[in-house]
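Subject: Structure for you to look at

Hi,

Here is the structure I promised to pass on. Have a look at it first, and then read on for what I found.

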Amino acid sequence: MRDLHNEICDQVDRGNATPFLAFRQAEYWATRNAISRAPTAANADERMYAGIVMTGEVWRAARALQDRGCVVFGLSDKPDEACFPPNAPSGEGELPLHRVPMPIVGSGR
């Protein structure tokens with residue numbers, strides 16, 4: 001425990017706001033996998049239960065606002081280490097979370 005404590009203190013002293021790098025990298029993969037977990041053929045309830053999706057109502061509202069000239073964006077409190085693919089194997093083409101296509105459940109596309 002002392003070694004872990006010293007490592008965290010060292011990281012914080014060096015200005016690293018995210019001393020638990022391995023945890024944040026695992027968080028990226030968990031989030032990324034949850035976005036595309038449910039098969040497209042599953043019904044809406046199964047897809048919403050199985051992973052992260054956007055509802056058709058939210059999609060329609062965002063598109064309607066964009067069509068009216070509004071800037072539509074989202075915010076996250078995730079640090080960069082949890083939003084960008086860590087050490088993705090070459091050729092895998094993993095995307096940062098804000099570029100991963102979000103499944104839409106319900107009418108709205």
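A quick definition before the details: a salt bridge here is a side-chain nitrogen of Lys or Arg within 4 Å of a carboxyl oxygen of Asp or Glu. The general idea is that side chains of opposite charge can pair when their charged atoms come close. Please keep in mind that this is a predicted model.

With that rule, the side chains of glutamate 27 and lysine 78 form a salt bridge, at 2.6 Å from N to O. Glutamate 27 sits in helix 2, while lysine 78 is in the loop between helix 4 (56-67) and strand 2 (104-105), so this pair ties together parts that are 51 residues apart in sequence. Lysine 78 is partly exposed, at a relative accessible area of 24%. Glutamate 27 has 18% relative accessibility and counts as buried, because the cut-off for buried is under 20%.

Glutamate 27 also has a partner in its own helix. Arginine 24 makes a salt bridge with glutamate 27, and the closest N and O atoms are 2.6 Å apart. Both residues belong to helix 2 (residues 21-35), and they are 3 residues apart, about one turn of the helix. Arginine 24 counts as partly exposed, with 24% relative accessibility.

Helix 2 has another link to that loop. Glutamate 94 and arginine 32 meet through their side chains in a salt bridge of 3.2 Å, N to O. Here glutamate 94 is in the loop between helix 4 and strand 2 and arginine 32 is in helix 2, so the pair ties together parts that are 62 residues apart in sequence. Glutamate 94 is partly exposed at 21% relative accessibility, whereas arginine 32 is buried, with a relative accessible area of 18%. As for how the bridges connect, shared partners join Arg24, Glu27 and Lys78 into one network. The count for the model comes to 4 salt bridges.

Now for the overall picture. The protein has 4 helices and 2 strands, and from the N terminus on the elements run α-α-α-β-α-β. It has 109 residues, of which 22% count as buried. Looking at contacts between residues at least 6 apart in sequence, 66% join residues at least 24 apart. The protein exposes about 8200 Å², and carbon and sulfur atoms supply 55% of that area.

If you open the model, glutamate 27 is a handy place to begin, with its salt bridges to arginine 24 and to lysine 78.

Cheers

How values were computed. Residues numbered from 1 in each chain as written. Predicted model: local features only at pLDDT ≥ 70, side-chain atom pairs only at ≥ 80, totals over all residues. Heavy atoms only, no water. Buried < 20%, exposed > 50% of the residue type's maximum accessible area, 1.4 Å probe, protein only. Contact = heavy atoms within 4.5 Å. Areas by Shrake-Rupley, 256 points an atom, 1.4 Å probe, with all protein chains shown as cover.
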